Amino acid sequence: EMEDKVVSPEKVEEAKLKARYPHLGSKPGGSDLLRKRLQKGQKYFDSGDYNMAKAKMKNKQLPTATTEKAEVTGDHIPTPQDLPQRKPSLVASKLAG
Amino acid sequence: ADIISTVEFNHSGELLATGDKGGRVVIFQQEPENKSQLQCRGEYNVYSTFQSHEPEFDYLKSLEIEEKINKIRWLPQKNAAQFLLSTNDKTIKLWKISERDKRPEGYNLKEEDGRYRDPSTVTTLRVPVFRPMDLMVEASPRRVFANAHTYHINSISVNSDYETYLSADDLRVNLWHLEITDRSFNIVDIKPANMEELTEVITAAEFHPNQCNTFVYSSSKGTIRLCDMRESALCDKHSKLFEEPEDPSNRSFFSEIISSISDVKFSHNGRYMMTRDYLSVKIWDLNMESRPVETYQVHEYLRSKLCSLYENDCIFDKFECCWNGSDSVVMTGSYNNFFRMFDRGQKKDVTLEASRESSKPRAVLKPRKVCAGGKRKKDEISVDSLDFNKKILHTAWHPQENIIAVATTNNLYIFQDKLN
């Protein structure tokens, strides 16, 4: 039976990760990671802004169908389609301690 | 919005449905066989396209609910129409797809374009008749099953009783009756009283193909629980627990993450089930809970890349798997638009690529090989050259023929085996 002198590739990768992120918790499958999974891809929006924008668009005759993403400025009410996808800010990054 | 998110053949294999990130369903239909053509099996052409789900907003939580179709499951055909269930994160819909190939003509009170005629101009009576028209395929929503899931729906599965189906999210599994939309029974609930104690989530669930009381659900910790609905109304206690023992000395930071099961599928004969975790496909005998009977490595060379795969989130990719009609071959996807097939009987496996560059129509696919390290042979691809953005997460196998559907990010490939 051969003595296991070779470190498994997984452990090598683990050492690499710990070297890059020393404060990484030792329990990766813990509730932080799971709660991040449960909230994956959530896009936040302001329903007030959205409904105001919808109402405004209904009243205004839109002469051109603007397909380019308009720069979100102060007097343009953003709609969910305009907003870039946000990373959820309430959940800590998986790499944070 | 064109990103394909699910692929599913219907029970006869004549229809193939795809769902995408934009909430659309596209159904392809196989053309009838043309004996004079070289390839004896018909091609698949677009049959119907419809918008299944729209983006919605949860005003209470200020969240957008994605319209992406997570899963499509066909109902067995009972009459001329076809039915399928499609689901996004929160709502399941039953769609009826029906054909119309004739229309009534010769009304007395209406013109052909629908305008009403002046009754005083009607001097004779005629009987309207049905005349043939160009085939029109219509999709209409027949049921909407909403508001039963707090978390994101990952699976739906039609029961073999053809009356009920289950839907599963991260923490709960619900049982529905296809006719009833205002009520759903919760049959599994793994939500802990204190969310801080959450250790695992449900990743997939499926009904047994012929035992209508049996279903399984898989978890992020690599376990599969088989439940019998006859035992109790709430199946929190499993009948069987399938888990492969782990060597504690091999445990690493990544162990639990790569053991998370991304898909579970019963074999057609109902004796086995297959699970897909990050690096492998496992076949389980339903009579043996202690370990799988077969394990196939999908891309073992990625084990030495786990650090970067964790950093770019690829380690969380959810690959699906599927059986062929006779349960002799299993298939799953990988990166670089590669997909893998494992022949259980002949103990052979092959890696193929779904890409426009590597395959012309009617050409035979060339097997691919990944070089894990050391000297790269000609035609081999080194691990570092793999494109991790080109992932094949969704594949489907025709229920009877050797025809497969493989979805890359934006394209659907349909392959069939070479006929003499």
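Of the 420 residues of chain B, 53% count as buried, a term that denotes under 20% relative accessible area, with exposed over 50% and partly exposed in between (1.4 Å probe, protein chains only). The model is predicted, so local features need pLDDT of at least 70 and side-chain atom pairs pLDDT 80 or more, whereas totals for chains, interfaces and linings use all residues. Residues are numbered from 1 along each chain as its sequence is written, chains are lettered from A in the order in which they are written, and side-chain values use heavy atoms, without hydrogens and water.

Chain B contains two helices and 31 strands, taken as DSSP runs (H or I, at least four residues, for helices; E, at least two, for strands) numbered from the N terminus. Its C-alpha atoms fill a box of roughly 95 × 55 × 40 Å along the principal axes. Among contacts (heavy atoms within 4.5 Å) with a separation of 6 or more, 51% join residues 24 or more positions apart.

Over all chains there are 18 aromatic pairs; rings of Phe, Tyr and Trp (its six-membered ring) pair if their centres lie within 6.5 Å, with planes under 30 degrees apart stacked, over 60 edge-to-face and the rest tilted. F253(B) and F254(B) form an edge-to-face pair, 5.4 Å centre to centre with 90 degrees between the planes. F253(B) is buried at 4% relative accessibility, and F254(B) is buried at 0%.
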